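Please read the points below with the model open beside you, and check each one against the residues as you go.

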Amino acid sequence: MADQGQENFRDTIGTLNEEGKRAWVFPKKPSGKWYEYRKYVSYALLLILFSAPFIKINGNQFMMFNILERRFNIFGFPFWPQDFYLFVIMMIIGVVFVIFFTVAFGRLFCGWICPQTIFMEMIFRRIEYWIDGDRGKQIRLAKMPWNAEKIRKRVLKWSIFFIISFLIANIFLAYLIGSDELIRYITDGPSQHGSTLISLMIFTGVFYFIFAWFREQVCIIVCPYGRLQGALLDNKSIIVAYDHKRGEKEEGRAKFKKKEDRPASGKGDCIDCSACVHVCPTGIDIRNGTQLECVNCTACIDACDHMMEAVYLPKGLIRYTSEDNIEKGEKFKLTPRLKGYIVVLGILTAVLIGMLFLRNDVEASILRLPGQLYEHKADNIISNVYTYKLVNKTVEPIDSITFRLKSHKGTIKLVSNTSVTVPEAGLTQGTLFIEINASAIKTDKERLEIEIMSGDQVIETTTTAFLGPRSYN
Ligand code: SF4
Ligand code: SF4
């Protein structure tokens, strides 16, 4: 751990120099066991990310977040504006899960699953290594005057970055408006959908800006999750950490001299090679302890393991561990705080499952026409006028829909037809009259129960109010 004299790293962030200007990070290309694992995970996640809007389950897009129409599909399960309460519960479960996961395993999400890290480290950064070379070559290229080589490399890199940003923007749009719409826009041609093309170019510009220039600053400055770490992590959380007890020992860290016997020397196992610093994509020194900038990407674990192997010391000087494990040798265990999160998660999940089972395929609402009173007709009949709205959440049209009064004797008359059809994943609305004999009305505001039928089958039951004169009974 850094002592008081070494605490000046806290005065600045790794991406700013002493003048407050951007200090460009040139991380060394990582290699090693953890980087290989992360590559495989990223391939799987990229495949899911790029294919999810094009996969359909029962005709529903696998993942869709149509914010404009407030329609969401999650794992092929459609959520309508009427299901918003379910969506909110899912969001709460997501937040509690993230908190639980962070308390237990720190920023594992950032290093392994976050799209920002995956795009940056597994796509854009690797293209950069391919075109510009590793850290040393990149630094030389940055300092180079604008000669033919630099222009060629920059134009090539920025063009590829732009094309990938455009591709990501298209996928992003497929999540927002649906892949069918996106394909239709593409086949219609950009001239027919000018405003969508402008949105697409804005998204492309944002992605290009993030991955070509803003980069690790997203995690350090913008991401609210990163900022929460101070509140969520405790000494028992598993994080990427430097074992300062082993690394420093009594004599502190020191450069490695040929043929020295480090274990017998009293010096720490850290050979002060800076490999962990050079490989860090956020430009920090993990040996200073847990820092806001660390996205737990594991690159420093691999780098340090290489060095430990080279000097015949045990690997794991930097590793996944907790502060309490380093200080007291304590193993990971479920704390009361974690158990509390598990209980809350279990309750919320049970509530969600229950609500999903209770959810109907058809949602109906019947509301009295605003500003209209009841009408007293011949044969002592009281009539109220309503607007109805039927939402079909399935991918098949529902036809022959009629309405039946369940709570009272009376009739329901649809205006302009006798039955209605609701298209797949669509809604139908219209006007209807409910007529009830005054003798069947007990109050001036009756609560009616109405069944919505498809053929002989009741597909939904709803309620509405029925107004009548005061003096009945
Ligand atoms: S300190 Fe290590 S784990 Fe954290 S961001 Fe840097 S390289 Fe990745
Ligand atoms: S890579 Fe390992 S040995 Fe080298 S400076 Fe970092 S912690 Fe020390």
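Predicted model: local features only at pLDDT ≥ 70, side-chain atom pairs only at ≥ 80, totals over all residues.

1. For sorting residues by class, Ala, Val, Leu, Ile, Met, Phe, Trp, Tyr, Cys and Pro count as nonpolar, Asp, Glu, Lys and Arg count as charged, and the others, Gly among them, count as polar.

2. Ligand 1 is surrounded by 13 residues, of which the closest are Cys280, Cys294, Val295, Cys297 and Cys300. By class, the shell around ligand 1 holds 10 nonpolar and 3 polar residues, with no charged residues.

3. Where does ligand 1 sit? Ligand 1 is placed in the largest cavity, a space of about 100 Å³. Of the 14 residues lining this largest cavity, those closest to its centre are Cys280, Pro281, Cys294, Cys297 and Cys300, and the lining as a whole comprises 11 nonpolar, 3 polar and no charged residues.

4. Turning to the aromatic rings, a search of the whole structure finds 28 aromatic pairs. In one of them, Phe97 and Phe100 have ring centres 6.4 Å apart and planes at 45 degrees, so this pair is classed as tilted. Because Phe97 and Phe100 are 3 residues apart in helix 2 (residues 84-105), about one helical turn separates them. Is Phe97 buried or partly exposed? Phe97 is partly exposed, with a relative accessible area of 41%, whereas Phe100, with a value of 14%, is buried.

5. Another aromatic pair, formed by Phe124 and Phe161, is edge-to-face, with 4.9 Å from centre to centre and 75 degrees between the planes. Phe124 lies in helix 4 and Phe161 in helix 6 (residues 148-177), so the pair ties together parts that are 37 residues apart in sequence. Phe124 counts as buried because its relative accessibility is 0%, and Phe161 is buried with a relative accessible area of 1%.

6. Finally, please look at Phe65, Phe72, Phe77, Phe79, Phe84, Phe87 and Tyr175, which form one aromatic cluster.

Terms used: Residues numbered from 1 in each chain as written. Chains lettered and ligands numbered in written order. Heavy atoms only, no water. Near = heavy atom within 4 Å. 1 Å grid on protein atoms, 1.4 Å probe; cavity = no way out; pocket = protein on both sides within 12 Å on 5 of 7 lines; lining within 4 Å. Sits in = over half its atoms within 2 Å of the grid points. Points joined across faces, edges and corners; volume = space filled by probe spheres on them. Phe/Tyr/Trp six-rings, centres within 6.5 Å; stacked < 30°, edge-to-face > 60°. Helix = DSSP H or I, 4+ residues; strand = E, 2+ residues; numbered from the N terminus. Buried < 20%, exposed > 50% of the residue type's maximum accessible area, 1.4 Å probe, protein only.
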